[in-house]
Every structure is written in C-alpha cells, then in structure tokens.
Amino acid sequence: MITHALQLMGNYWLEEIQPEDLPVLKQLPGLAEALSDDQADALTDLAVEYQRLFGFNLPPYESVFIDPSAMLNAPATARVERLYQQAGWAPPAGVRYAAPDHIGLELLALADMLQTDMLAAPPLLINHLALWAPIFLLTLERLDPHPFYARLAELTLALILETLPDNPIPSGIDPFPSLPPAPVYRGTYQPAPGQPELEVEALKGQPIQGDSLRQVLDHLLIPRAAGLYLTRQDLAAAALALELPGVVGDREHTLKTVLQLAAQYELLSELFEQLVNLCQREISAYADLERDNPAWAAYAKAWQQRLENTIQFLRQLDLQAMA
Amino acid sequence: MNKRLNRFLEAVANLSSPTRLELAQAGAASQQQSAVHRKAANFSALPGTQVSLPSASERTDGDEQVGLSSYPPVEKWDEWEEYDPKAWPERIKRRYMLIPTLCFNCESACGLLGYVDKDSLEIQKFEGNPLHPGSRGRNCAKGPATHNQVYDPERVLFPLKRVGKRGEGKWVRVTWDQVLDDLGARLRKAFQEQRHNEVIYHVGRPGHDGLMEWILFAWGLDSHNSHTNVCSSGARAGYAFWMGLDRPSPDHAKARVILLISSHLETGHYFNPHAQRIMEAKMDGARLIVLDTRLSNTASLADYWLSPWPGSEAPILLAIVNYLIHTGRYNREFVKTWVNWKQYLKAEWPTEPCTFETFEAKLKELYKDYTFDFAAAESGVEAEVIRQVAEEVARCEGKLATHTWRSTTAGNLGGWQVARALWFLNVLTGSIGVEGGTSANAWDKWVPRPHNLPPHPNRWNELTWPEEYPLTFYELSILLPHFLKEGRGKVDTYFTRVYNPVWTNPDGMSWMEVLTDEEKMGLHICLTPTWSETAWFADYVLPMGHAPERHDISSQETHGGRWIAFRQPVRRVALEKLGKDVNYTYEANPGEVWEETEFWIELSWRIDPDGSMGIRQYFESPYQPGEKLTVNEYFRWMFENTVPGLPEASADQGLTPLEYMRKYGAFEIRSGVEAPYLQPVEAELLKQATVDADSHLVYSQTPAPASPNITPHPAFPGDERGRLVGIQVGDQVLRGFDTPSRLLEFYSPTLRDWGWPEYAIPGYIHSHVHPEKIDPQAGEFALIPTFRLPTLIHTRSGNSKWLYEISHKNPLWMHPKDAARLGVRTNDLVRVSTEIGYYVIKAWVTEGIRPGVVACSHHMGRWRLQDNAMERWSSALVDLTLQGEGHWKMRHKQAVMPFESSDPDSKRIWWSDVGVHQNLTFPVHPDPISGMHCWHQKVKVEKAQPEDRYGDIYVDTNKAHEVYREWLAMTRSASRVSPDGTRRPYWLLRPFRPTRDAYQLPEK
C-alpha cells in the first residue's frame, strides 16, 4: 500500500497531471476535492501551476537543497546516482527530468526498493529524502500553491515521515553529507558586463562593510548554508512590505536588487528584519514538524541551527549597516 | 498515523482504476501515454520528413491532452485555436492559421511557424516548425524575435528617395512604379553602352539560394559582391585547397569527438542546428574540445577548453597531427587511397621511391618539430593539455566532427592554414563523409536549378576580383572604396542588399567618403528590411521583407542529411488560403514592404520591355509562354522539376509540390551521411572515357548533363581527352574529390603553381598579432573584435526590442593581471588605439580572457546622425565631424532614450547604452592568399585621456589607405605568377563564375 502510494506520488511530482490520471485521482481523498469539475480546465490549471511552481520558483531537486553550490547536477546529485547504481535501479525509460535527484524519481526509487526489499531503501530514505524533501515541501507551502499541490505536499510529507524509522540519525550527528565546496566560477568579484558597478559600491559606506556582496548572496541563496530555500516570492514579499519597487529576475538578481533598493531608500535594517522574521517562522515550522514526528528531530535540529546562523548573519549585517 | 494519510492509503489500497504506471506497464498507453513511459512521436505520415518530434507534440488543444504542448499537430495548422495569452486567466480563444516560414536572421534558415490570426490577419507570434529537418522545431532567441522586426515602429514601410545631398537625411516617399521606371531606364542605358561592370550588387545576408545567379547572369553581369571576405574567406580557402569544396558539414550528433574552433553552442553558423546536435552527442558520451581564446558559453561546456594566443591554433593542431603520425594512430588505408601523396613525392622528392612508406617517412620528418612543447610555447596552452586532446582525437574511432568558420580563420594573417591544419585531422582519422565525421557542405546541400538559367557571363569585374588576389575566396569587397579612390573604375549603379558596409566592414569612414562622392558612386540603391548606417547614404531606400514577408528557398548543411526549405510571406499565404487574390507580396505585407524575387522580375521587364536585349526571356513563365513569370510559378517549377523526391512525396498526400512546400515549409531530401567521392562514375560517362596511366584520372567525352542541383562546385572542363569525371581506384572508377587530382590535396599544386610554393602543404603562418609583434610593456595587446553574442545578429537585430533589451553593451574584456598593470577597473574608460585611430570604451575585467589579449564583441555601437531617423531602440545619436581631410571624429550626443511610437514598449526603454562601434577604427587587412580581412588588431590600450568620452571615435582615412597599400604589397599578382595567363585557377570555386574566356588576363 505504501509503495503504491509512493509510486502515485512520484508520478504526480514528476510531471504535470495527465488525463489518464483523473480516474484514479477522483478516488483519492484529499486530492479529489482539490480538482475542479471541468476536466479540461482542471488539467490546464494544474499544468500552469506546475510550471509556475517547479519551472519558475522551486526546483524539485535534492542537490539544490543539499549541495554547497545549490546547483543542479552537482556532487550531491552524483551521490544519489551512485546509490541508484549500487541498488541496480534506473529511472523508467522515457521519463523527462533535468537531474536524477528529482523528488518524483526518488519517490519512485524508494517505492521500488521497498517493494523488492532492497538494502538501499533505508539509505535513500534516511540520507536523502528525509533530509531535504521536508524542507522542499514546506517551502512549497510558502508559494501559496494550488490546493492540489498543497494537499499533495502534505500527504507526501506525511508519508515520508511515516516511513522513517525511529532514531534514524544518532544523536549529535549532523545529517548533512560531506560534499566538495561550491566551485568558484566568478573569481574576484566583478559586476557583469552591462551592470553598473552598483552592488558592492552602493552597499559600501552604507550597510555591508567588510563583507562582499558575494558572501551575502552565497549565504542567503544556498539552503545548505541558510537553512531555508529563499524563494523569489519571499523576496518579493519582503520588498512589498517595505514598499520597495517590484523586482523581476532570478533569485540572485532579485536579492541583489532588493538589497540595493533597500540601501538606496535606507531600509536595509527593515529588510534584514523581514528576513529574520522569515527565518524565525521557519524555525517554528521545523519545530512543529519535529513535534508531530519525533523521528525527524535530528534533521530539524540541523536545519534550525542553520537558520539560527542566518539570523546571526543578518544581525551582523544590520550592525554594519548601522555603523 | 496522520488521519489524512490514513484515508489516502486506504483509498490507494482500494483503487478501481488503473494508475498511470499500470497503464504503461500493460503497454496499453498508445493513446494515453504515461508521463513516465511516453515515447517520441514520429511524423511518419509525411513522406520524406522523417522528423521525430518531442513527445509533447502529440498533445492537442486541451480536449484530449493538457499541459504545455510543444507543437500543434500539423493536421490542425489551418484551424488552430488557443487561448489569448494576454487575456489570461480569462479563457478567450483565438483562431489561427499556422504558416511555415524560415527565420531570416542568421544563415541557418531555421523553421518558424507564423501564427496568423484568422480574424485580424495579424501575426500573433512565431514558434518553431517541428517539421524542419535542420532546426526540428527549436529556435534561438532570434527566431521568435522576428515578431519585433515585423512590428517595429521604426521600420521603413515605403520606398524612399533621397532629396538634398546624399547623407543629408531628406527623403520623399515614391511609388514602386517610379522606382522601377527610373532604375530600369538607368540599367538599360548602362547595358546598351556596355558598362556592365559599373553595376554592382553587394549582398550581406542572401537568405536565398540560387536567385542571384539567375538574375545577374540574365543581365550578363559579373557584378556580384558578397560579404564573404569579412566573414569566411580564410576557412573557405583552407578547406578548398584540400578538397575543392570550401565548407565543412560536421555530423555532430553521431561523433565520438567534436573539435570546435568556434563557439557553436551559442553563436555562428549554424548555431541552433549544430548546438542541439552537439548536446545530443555529449549526452551520448562524445568528448567536446573547444579552442577559443575567450571563455565563451561553448567553452564553458567543453570537456577541454584551450585558450590559445590568437592565431596559434595551427601549431596546436599540427602537434596533434604529429602525435597521430608518430604513434601510427591514423587511418593508413584511407590516407594511402585518398591523399595525393604520389603527387607530392614526384614533385618534391623525384629521386626517391614513390611508395607510401616513403611518404610516411616524409610526413614524420615534415611535422616532427610540431611538438607539444612547441605548440605550448606558441599558444600558451599547457603541453600536457594538448597531449590529452591529441589522445582524445586518436581515440575518435573515425568519428571526428570538426568545425571552424570565422573565429581564428577570420582573425589572422594566414588564418586559412588553421582550417587546413584542422581538416588534416579529419584526413588522418578518415573522418570524412562518414557517420559522426565531417563532410563537405555541398554533399549536404541542394540548390534547385530554376526553369531558365542563363549562360555564364563573358565578363570579369576587376573591381571585385582584382588580379592581385588570384586565389581569393571570394570578392575583395572590403577594398572597393580604395579601388575607387585609386581610380580603378567607377560605379554607376550600386545595389546594397541586407548589407551595411559602413558599419559592418572595417574602415567604414572610407566607405562613407566614397558613398558620398557622386563621381565615384553614381546611384546607391539600398534594399533593406531596416534602417542602417549604410541606408542613410543611399539614393533609394527600398523596404524588403523580413522572414515572414518574402519567398526564398534555402538549403543548409546543418547535419548529416540534406533538406530544402521554403520561406513564405505568411500573410500573403493566409490571404490566399482565405480565397483572396494577391498579385504582389507588398499587397499583403505591412506598408509597401516587398520581396526581392518579385522586384527583380519586375525590374528585368522594365530593363528589357520588348525582349530585344535578350534579358526578358529569362523572366517569362514556363507555363504561359511570353507572359511575365510570377513568383508562384518560379518556385512551382523548381519544386516540380528539380527537387528529387518532392513530387512523389506531394502526390502521396494529394498535393502539388508547391502546395506541399506551402503546407509544411520543408522537405527532407536525404537523411544520413553521404560520401559522393565514393560513388562510382555513371556507366554512361565511361563509354567514351580515357584513363591517365600515371594519375589514374578518368576523362570523358560524354557531354555533361545539366545538374538539377546548382550548388557551386569546382569546375573541370578538361582538355582534348574530355571532362575530368573521376579517378580509378582499384578496379572501380569513382567520382573522387572535387580537386584536379580527384584526391585530397595534402600537397597543393595550385598553391605551388600560383606563387606560393612555401605553403603548398598544411603549415603555420605567423599571424599579424603574433606575440613577437606585440610589446606588452608599451601597452600593446592583441584585440579579438569578432565574437558574436547569442542574441544578436550583426546589425540586423537592431530592430528587435526583445533582443536589445537582453544585450546592448560591448565592454572590452581584459584579464585582471592586465587591468592591474594598467590600473584599470571594471567600467573604467579606456582608449583603444589602432593603426588608424582610436575608440573609447568601458573595460570589463574578467578571467574569461587570457592575459595580453583583449576582446570586444562586434555586435554593438549602432549610431544615427539625426534624432528621428533609424532604429532608436539600438542606436546612439552622434555628432560626426570632419576635422581636416580624412580626419573623422564621432562623439555620442545622446544615449538611447524612451520614445513615443505606435509600440507602447518604446516608452519603456530602460537601457541607455548601446556600446561602441569599434569597426570604424580598423583598417583593411586582406590576407594576400585567401583575401580574408584579418580582423584581429594590434592595439594600444590605456586609461582614457581627460578629454575622452565614452563612445568617442577618431579615424584618419589617409592612414587607412596607407595600411591598405601595405597589405596590398604582400600579394603576388596573377599577372606576375599566373602559370597560364589566366586570372585565377579555373578549377577553384568561384561564385558567379564567368566564361572561361573571361579568365584570360588582359594583354598589357
């Protein structure tokens, strides 16, 4: 039953919902209610939402959350691939994915491994899915998703944690794997061509003295460091709360621009406070999850510790801005 | 357990319908393919178009399937409905006709589908045509941006005629009739007075195949002038001296090793079709090696990125050659059979045994000094890296795909030897005409013969083919201003077409001087889809169509295969589908934008209205004798008669060939690689054949039938024994290569006999920016000014707001070490001085360029002389002043600003800078052999001086002329070196080839 459920969820995460899925979905409590009556409209809405969520805002890949680079096909991905290879498991033919550590694939792999009693199933669950999927699924909630994806996230989270054995990680052990540091692509920081030299220069003499902008971006945009996945919507909400102009771009561009705008309008302290508040909300969310699922305690602690560090980091930046 | 989860799991246990996975596992998903197990669909219903489409292509309009469809199914192209994206989330349906056409931005001719609104007949958007064999439904940014070009509020919509002085910027609107009458009379007079050579047609982006051969031959002209020697002459020469044909066609998708001296994952010809296949090969395990001084996007994806000093690529390649030879890891049988080693030994070592073993020994000796250490010393690339690359090439298993086109071959003196050294690797590995290897372009290209191709002209135009350059590929177009200044001739009527020499060519101020001199340039007609710096100096600016506004046929060697595609005016086609008659394309296009094919037919009738000059006959209908040919008839005849397989494929669908091409936009003539050199000579030709006992060449007295494919080839009229048709190999007579020896010419008797014996074999020529010619202590650098950006295409994309929003600056790339030495930081102003002037630009400090070299993209720096003229999206308003004879100064007056227009986006322009026009400050550098303008420059870079401002340009055209004379002095003129009294080896490729008599040098 659990493996069957994992397979269904794996498929639903892996691609947009298809017409052939509807007869099954209509029998699944929690998901059925989230679908509108008009079949064509429902599927179109879900396809659009799928692209908004996973195409534009939240990459559903382990390496984004676990790797120091926060990039796709990073060493963290190779770690998942090795596990698949050792277990003799391969993604089904014809599947479209950008990297093999897609949440849908990991769920399908777990289903197969549980079904055949593979030795790899516990490592996949304990060292991979339990570590990153809850953060991914909690982040999804912040994106105000379509009710279908909200319910799917709740159920997937519950199923992963339900499947997790007691005390999966010995006390005092950080569940994050050791991975190579992120490659340095940019060398000495320089503005890209076409960009005015505003970032560092604008921030110097204002708030962020002594820290390069690169460090700020690297910390806040890399979940492994920050303790959360900062979405474009999070940043937009922070900017909106301060009545800063709207920003469009990828996460890095958005964060850089919001920082610059906040500096320009002397609202950096307020911006940092918005981000601190977000971190605190996530600390609470991780605590709630731990309360309901004690087996997840070691993971919660690891992520919470990173959020605490981020709060410290933001407060230091704020102090520099005040100086 | 979580209650919700519990209920969910119970429901899962009691499911009464099959899941997606179960459907797939049961194999019952042919109609409802699972997301997990979906397979690619195949448009097998279209004969001749075996195009596998991405899986989503089978999805339809939302009734049966949902999600983000990739391509509408072809059976719905006439009746396609989709929601209006601007009305979302309201679901308002729009009805479209999807009309295939071809992109007209770069040369690739990728397929587009124009979405023509059935109610308004406006074009909603452009997407890819999945049935196009080259692009397979995929496009780069420039394809969809065609929409901007059509709806650009700044475009020229009506024929304009200059009033006032040329270049003064005063225009009046005229009718097409007035234009045709004026030009017809002028050209008739010129032809009647035998002043044919005073008419020159100068083209930048042709966009069509075969058209101008028909037009210019009909007029009896040798007046074609191309952009080739600012583009590809170097590569062409290097390839042609080896194999006769002048362009490579790599089969990237099946290669084991891909070696690029270019950045074809991001730019260049044929970037989009090549890039997708390079990625396929990479996914299949191929190794990608990239030689590029600059860290391009392509280099960033390579397994090996080599950043050589500009012009040092040949020693790297020859070190690999040396490695293959010395380790014996080359295809001995292929080399023994297909290389002209006997010719080499007999010519250079006549006393030694003429055996392959002797040749092998000589090869070892010839290339022994090209060690990895030598290559490393010349290039700055580590010897160990070169060794690793050599090892990769050695392991290619005969599947080595290579490519160079512009890049170093277009940058350096002797750059053509880089192409020759690169092709040497294909020769040694036997990777020629095989799957995963590299072919000649003509093997994968098809240009259908029109119904009435006129004979070759009996004229030679010295203004375009001067005798100083007997081996050039091809016209010395960049030298025209200097030839006119020297009084070598005059131009009565000068057509520029989709060409902007004032901006694109080096030494643009010399062009401006000549274009404004009515004594030298009688009448300048600019056929253009958009304003340009050159159009400003025209007498007529004639608006010609963009991609969806014209007819052309195009066939490009994008991969191992052969196809032909059809560019169409989509609104005209839509109108005709709706039953409305359209006589001329300009009736359907915006304003009175026309297309060249109809324009030339009309103009030809105006030149020769009664047929007495022998011109009109070529423009009469093959279907209604004596009647004027229509554009439909022109293409219809070719599709019915000279495209193999198309009539049959059309008949299978119940369509005429023209209807087939109108419907699908492309036809695949052949899928897969073909090697014509291995094909047996037709038995008919061998009936009256002679075999030369020494060379094994085969001559035939049987007349040559007219080929339905008029892709230019070398010519071998032969001698008293007949035409050269092949070579005897063992007991077979094969076609062989298109060279005088029918073999791959490692040793070029042509170079030897025409004055360059020292370069008869592949070798290394020091570039004009070789390190020994650069003094870093004096602030000197080698400048790479040639690289492209993925989102722009020369000056033609200046009318695309989407593309300019993405890319609008061209800073000077400089390594941090150099920057530190000069005290320069990013965005600091620097002055870059060339031999004839300087420009002032911002620096970009980056490790993406090697120390000692600076680089600047050529795509930027558009300018205009009047505020309300030209593309305001992309050009700066400038002051241009003459400060003494030949001393020009340009200064930016105003950056790009938002402006009012019919397009509300013009008020939303947020960028201000459009870069700096560096080409103005470059003198001409024509390679004495290939004729290639060697783009790289030795420059001095220093911090800007107090009076300097961003965008400042200074040029001294007197010095420009001196530099021209210096490079001219490097040539070896035909009148001095020709072995047979002709201007050029007759066999060598030459577009618009005149008669053989015209090749004779004039008697002095």
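A: Chain B exposes about 34100 Å². Carbon and sulfur atoms supply 48% of that area. Accessible areas come from the Shrake-Rupley method with a 1.4 Å probe, and for residues only the protein chains shown count as cover. This is a predicted model, in which local features need pLDDT of at least 70 and side-chain atom pairs count only at pLDDT 80 or more, while totals for chains, interfaces and linings use all residues. Residues are numbered from 1 along each chain as its sequence is written, chains are lettered from A and ligands numbered from 1 in the order written, and side-chain values use heavy atoms, without hydrogens or water.

Next, the charges. Chain B carries 112 positive and 126 negative charges, and their mean positions are 3 Å apart. Lys and Arg count as positive, Asp and Glu as negative; His and the chain ends are left out. Each charge is placed at NZ of Lys, CZ of Arg, CG of Asp or CD of Glu.

Now the fold. Chain B has 28 helices and 36 strands (DSSP runs: H or I of at least four residues for helices, E of at least two for strands, numbered from the N terminus). Its radius of gyration is 29 Å, close to the 30 Å that the globule rule gives for 1004 residues, so chain B is as compact as a globular protein of that length. That radius is taken over C-alpha atoms, and the rule is 2.2 Å times the number of residues to the power 0.38. The C-alpha trace of chain B spans about 90 × 75 × 70 Å along its principal axes. Among its contacts (heavy atoms within 4.5 Å) between residues at least 6 apart in sequence, 71% join residues at least 24 apart.

Then the inside. Of the 1004 residues in chain B, 65% are buried (under 20% relative accessible area; exposed is over 50%, partly exposed in between; 1.4 Å probe, protein chains only). In soluble globular proteins, nonpolar side chains tend to be buried together. A nonpolar core here is a set of buried Ala, Val, Leu, Ile, Met, Phe, Trp, Tyr and Cys residues joined through side-chain atoms within 4.5 Å. The largest has 119 residues; Trp13(A) and Phe148(A) are among those with the most contacts inside it. Helix α7 of chain A (residues 121-142) gives the largest share of this core, 14 residues. Apart from that core lies another, of 101 residues, including Val339(B), Ala376(B), Tyr677(B) and Ala715(B).
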